[in-house]
Amino acid sequence: AFRLACQLYNTLTITFLPVYFPTQQEKDNPMLYADNVRNIMAGKLGIPLADDGLEELLAIQKAGVCVGLDGKTIHGDVAQLQTMIAETKKKRRQKLANSSKK
């Protein structure tokens with residue numbers, strides 16, 4: 001964010017994708033719809049998907065782990081971070097399982 005704010009100008013490319021209409025199966029299962037839309041968007045961007053979200057980011061911050069300026073070096077207790085992320089993902093799976101039962 002700091003580097004972005006220090007630049008005199010920034011460029012942006014916008015790509016409009018065709019409207020995606022959900023199938024009946026996706027209407028019945030919103031998570032399937034969300035996954036399919038994510039797959040399409042990632043495919044168009046040419047990037048891999050990651051199942052990490054805000055909870056994992058908060059776990060990283062709580063563990064005090066940070067990434068170096070080179071974008072590759074990790075500083076902090078990685079073992080603790082891996083444990084915290086595993087627990088976060090387990091809680092998310094349980095939450096999703098409980099919400100799908102309703």
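**Nonpolar core**

Six residues, Ala59, Ala63, Val65, Leu81, Met84 and Ile85, form the largest nonpolar core, a core being a set of buried Ala, Val, Leu, Ile, Met, Phe, Trp, Tyr and Cys residues joined through side-chain atoms within 4.5 Å. At least two residues of this core come from each of helix 4 (54-63) and helix 5 (78-101). Helix 5 contributes the most, with three residues; helices are DSSP runs (H or I, at least four residues) numbered from the N terminus.

This is a predicted model, in which local features need pLDDT of at least 70 and side-chain atom pairs count only at pLDDT 80 or more, while totals for chains, interfaces and linings use all residues. Residues are numbered from 1 along each chain as its sequence is written, and side-chain values use heavy atoms, with hydrogens and water left out.

**Ala59 and Thr88**

- Beyond its neighbours within four places in sequence, Ala59 is in contact (heavy atoms within 4.5 Å) with Leu81, Met84, Ile85 and Thr88.
- Thr88 is located in helix 5 and counts as buried because its relative accessibility is 16%, the cut-off being under 20% with a 1.4 Å probe and protein chains only.
- Not counting residues up to four places away in sequence, Thr88 touches Glu55, Glu56 and Ala59.
- A polar atom of the Thr88 side chain lies 2.8 Å from the backbone oxygen of Met84.

**Ile14**

- Ile14 is placed in the loop between helix 1 (2-6) and helix 2 (24-28).
- With 58% relative accessibility, Ile14 counts as exposed, a term for values over 50%.

Notes. Polar contact = N/O pair within 3.5 Å; in protein donor to acceptor, adjacent residues only side chain to side chain.
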